[in-house]
Amino acid sequence: MSLLEVSGVSVEERGNAVLTDISFTQETGQNLALAGETGAGKSTLLQLVAGLVQPTAGTVHVAGRRVKGPAEQLVPGHPGVAYLSQQFELPKFLRVEQVLRYANKLPADQAPTLYEVCRIGYLLARPTNQLSGGERQRVALARLLLGAPRLLLLDEPFSNLDMGHKTVLKAVVREVSERLGITCLLISHDPLDTLSWADHLLVLRQGRVVQQGPPRQLYQQPTDEYVAGLLGSYVVLTEALAPRLSRPASRARRGAKLLVRPESFSLGPAAAGLPGTVQQVRFFGAYCEADVQLAGGTITARTSSADAPAPGAAVGVSLAAGAGWYVA
């Protein structure tokens with residue numbers, strides 16, 4: 001039996017469909033992420049799983065027990081499910097240790113491990129009004145985990161964090177699953193947050209699931225440009241360039257577009273591929289992206305910073321075998 005079972009759920013607000021006929025499952029220990037544009041219904045879906053939103057249709061079960069909505073019980077929520085929203089709050093003017101003590105439902109010998117996982121041991125004596133944003137978030141997370149949930153829901157946990165705090169929180173989320181045995185479901189707009197973490201990815205658009213599966217599959221085989229754009233940059237090969245550069249894994253369909261990820265292109269000497277001229281180079285630290293003008297169109301290629309060509313350079317463009325995917 002799956003830990004989480006979402007079956008045909010729909011949500012309407014003031015006559016407008018927010019979620020429509022969504023179904024998926026999540027196994028114990030499986031890292032699941034939701035992706036989608038702003039307004040796609042991601043937060044509503046997370047709140048529905050937490051028992052904070054009443055479904056118009058369908059059911060949600062956690063560990064075999066149906067999740068009741070706020071219209072069915074006095075206190076919204078579901079046992080064994082913890083939800084960290086984007087608007088979390090901590091009691092003011094209390095020390096961190098006091099906040100956590102009041103929330104603790106774990107045996108005394110387990111709490112120190114949780115504090116270690118959340119990287120907050122050094123904060124216990126500090127008042128909550130003297131914490132940074134990243135520290136406050138980790139304390140809020142620890143307070144939820146002290147309730148011993150089986151399923152942890154995280155709504156945009158990495159947004160508004162600097163790189164340092166973001167790196168720390170990523171490590172915390174990973175260890176929450178690995179060391180504490182808590183299954184996690186999260187939302188993130190940044191594909192770098194989800195592609196490297198998730199075992200399964202669910203993409204929403206206008207309240208509907210448009211594609212789901214392993215992150216690698218969705219990245220390399222998106223169903224359309226919407227999914228492709230959510231997970232990274234891409235190039236649409238023109239009809240003039242496609243047959244000269246590519247032999248994609250999928251077959252062409254009438255009216256379909258051929259999408260290619262920038263890292264699938266290779267740049268070399270002009271004689272070693274389709275000749276082109278570098279128009280612009282953008283530096284991103286470990287890699288660069290170069291816009292190359294070819295006869296028949298322009299492509300964007302990703303290359304290491306050490307091997308990046310200069311603007312105006314003559315290059316030869318080649319494409320990895322099987323790269324590219326046709327979409328409607």
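Biologist: Which helices do the buried residues of α2 pack against?

Modeller: First, the terms. Helices are DSSP runs of H or I with at least four residues, strands are E runs of at least two, and both are numbered from the N terminus. Contact means heavy atoms within 4.5 Å. Buried means under 20% relative accessible area, exposed over 50%, partly exposed in between, with a 1.4 Å probe and protein chains only. Here, the buried residues of α2 pack against α3 (111–117) and α4 (133–145). This is a predicted model: local features need pLDDT of at least 70, side-chain atom pairs count only at pLDDT 80 or more, and totals for chains, interfaces and linings use all residues. Residues are numbered from 1 along each chain as its sequence is written, and side-chain values use heavy atoms, without hydrogens and water.

Biologist: Which residues of α2 are buried?

Modeller: An α-helix has 3.6 residues a turn, so residues three or four places apart point the same way. In α2 (residues 96–103), the buried ones are V96, Q98, V99 and L100.

Biologist: In what order do the five strands of the open sheet lie?

Modeller: Two strands pair if DSSP finds at least two bridges between them. The order is β13-β17-β14-β15-β16, with antiparallel pairing. β13 (265–268) and β16 (297–304) are the edges, each pairing on one side only.

Biologist: How many bridges join β14 to β15?

Modeller: Seven, between residues 274–283 and residues 287–294. F283 stands opposite C288 in β15. C288 is buried, at 4%.

Biologist: How many disulfides are there?

Modeller: A disulfide is a pair of cysteine sulfur atoms within 2.5 Å. The count is zero. Take C184: its sulfur is 10 Å from the closest cysteine sulfur, in C118, so it is too far for a bond. C184 is also buried, at 0%.
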